[in-house]
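User: Hi! I have a new model open and would like to go through it with you. Could we start with what counts as buried?

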Amino acid sequence: MKILSLTAMACFLIINMAKAQQSTSKTDTVFFEDFNENTLDRTKWNVEITGNTVNEEQQAYVDSASTIALVKGADADGALNGALLLKAVYHPGYISKENKKYDFLSGRINTQHKMEFTYGTASARVKMTGGAGLWPAFWALGNGDWPECGEIDMMETVGDPSWFSNALHGPKYFGNTPLAYRYIFPNGTDVTQWHVYSVDWSANSLVFKVDGIVTYSVTRAMVEHYGRYAFDNAKFIILNFAIGGGYPNGVNKIKAPYFGI
């Protein structure tokens, strides 16, 4: 098995919520994860195992130390307490339990049914490898059928290290959603460095940020121009590292040797 140098790393994730019946300037931290353990805390996280992927992605997600690991010291690449490492692995001919064939394995974790929240601020400090077709993401999803459940994309990148995107998906505004924005980093800065990606989510708006700088703001009225506001229900957090697929292909137009990569 050959391990490629394709990684996405997160060193912390924080969910803050405004205290009930108090000033919104005062918040409670309802979820904090700095990955400062020897193994992933499975009371907080689910590891997804999939071999029937969507969006024409090229990976199967597996529960393996080769694709999901907690690292410290030099391996944490600047994260003082430790970091979560999601790694893409080249493994030609892997057959999933769904009897699908894949040449790439990767990692995906979520907090479904373990930590879900409605409104508040979700932040993660992340750095990623650049490369055409790599598709790591930090996002939130509701329970139920997609896109009716609502999806909040705090950070997606498809390999060009100079930019990342924010997006919302819901009924009548999904796929190539009109509610999306591509943020281009200033010269000398890119996704291969540590950045804090976040969203401030309320009943009437979602404000996306990187390192505290607002990148994209969406109001309830903007969403309802297209369809129902799908952001009044609880969401869970997802961290994943996809390979290839529809979004990367839409940017790089690569079809071979793999779709989008």
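Analyst: Happy to! Buried means under 20% relative accessible area, exposed means over 50%, and partly exposed is what falls in between. Keep in mind that this is a predicted model.

User: How many disulfides turn up in the whole structure?

Analyst: Zero disulfides were found in a search of the whole structure.

User: Which residues line the largest cavity?

Analyst: The lining is made up of Ala-8, Met-9, Ala-10, Leu-84, Leu-86, Val-126, Met-128, Pro-136, Ala-137, Met-155, Leu-239 and Asn-240. The elements giving two or more residues to that lining are β1 (2–18), β6 (83–95), β10 (120–128), β11 (134–142) and β18 (235–243).

User: Which element gives the largest share of that lining?

Analyst: That would be β1, with three residues.

User: What does the lining of the largest cavity look like by class?

Analyst: It has 11 nonpolar residues, one polar residue and no charged ones.

User: How does the lining of the largest pocket divide into nonpolar, polar and charged?

Analyst: The pocket lining has 14 nonpolar, 16 polar and seven charged residues.

User: Which elements supply at least two residues of the lining of the largest pocket?

Analyst: They are β4, β8 (108–110), β11, β12, β13 (163–169), β14 (180–184), β18 and α2.

User: You put Asn-55 among the residues closest to the pocket centre. Where does Asn-55 lie?

Analyst: Asn-55 is in the loop between β3 (46–47) and β4 (59–61). Its phi is near 60°, which is a positive value in a residue other than glycine. Asn-55 has 44% relative accessibility, so it counts as partly exposed.

User: While we're on the backbone, where are the cis peptide bonds?

Analyst: One joins Trp-146 and Pro-147, with omega about 10°. Pro-147 sits in the loop between β11 and β12 (151–156). Another cis peptide bond joins Ala-256 and Pro-257, with omega about 5°. Pro-257 is found in the segment after α2.

User: Speaking of α2, where is the place of Asn-249?

Analyst: Asn-249 is in helix α2 (residues 246–252).

User: Buried or exposed?

Analyst: Asn-249 is buried, since its relative accessible area is 13% and buried means under 20%.

User: What does the side chain of Asn-249 reach?

Analyst: It reaches the backbone oxygen of Ile-254 at 2.8 Å. Not counting residues up to four places away in sequence, Asn-249 touches Ile-254, Lys-255, Phe-259 and Gly-260.

User: Last one for me: where does Asp-190 lie?

Analyst: Asp-190 is in the loop between β14 and β15 (195–201). Its relative accessibility is 21%, so Asp-190 counts as partly exposed.

User: What is Asp-190 in contact with, leaving aside neighbours within four places in sequence?

Analyst: Asp-190 is in contact with Pro-161, Ser-162, Phe-185 and His-195, with those neighbours left aside. There is also a polar contact of 2.4 Å between the side chains of Asp-190 and Thr-192.

User: And how is Asp-190 placed relative to Arg-220, in terms of what separates their C-alpha atoms?

Analyst: Those C-alpha atoms are separated by 30 Å, and the two residues are 30 residues apart along the chain.

Conventions: Residues are numbered from 1 along each chain as its sequence is written. This is a predicted model: local features need pLDDT of at least 70, side-chain atom pairs count only at pLDDT 80 or more; totals for chains, interfaces and linings use all residues. Side-chain values use heavy atoms; hydrogens and water are left out. On a 1 Å grid over the protein atoms alone, a cavity is a set of points where a 1.4 Å probe fits but cannot get out, and a pocket is an open set with protein on both sides within 12 Å along at least five of seven lines; lining residues have an atom within 4 Å of a point. Helices (H or I, at least four residues) and strands (E, at least two) are DSSP runs, numbered from the N terminus. Ala, Val, Leu, Ile, Met, Phe, Trp, Tyr, Cys and Pro count as nonpolar, Asp, Glu, Lys and Arg as charged, and the others, Gly among them, as polar. Buried means under 20% relative accessible area, exposed over 50%, partly exposed in between (1.4 Å probe, protein chains only). A polar contact is a pair of N or O atoms within 3.5 Å; within protein, one must be able to donate a hydrogen and the other to accept it, and residues adjacent in sequence count only if both atoms are side-chain atoms. Contact means heavy atoms within 4.5 Å. A disulfide is a pair of cysteine sulfur atoms within 2.5 Å.
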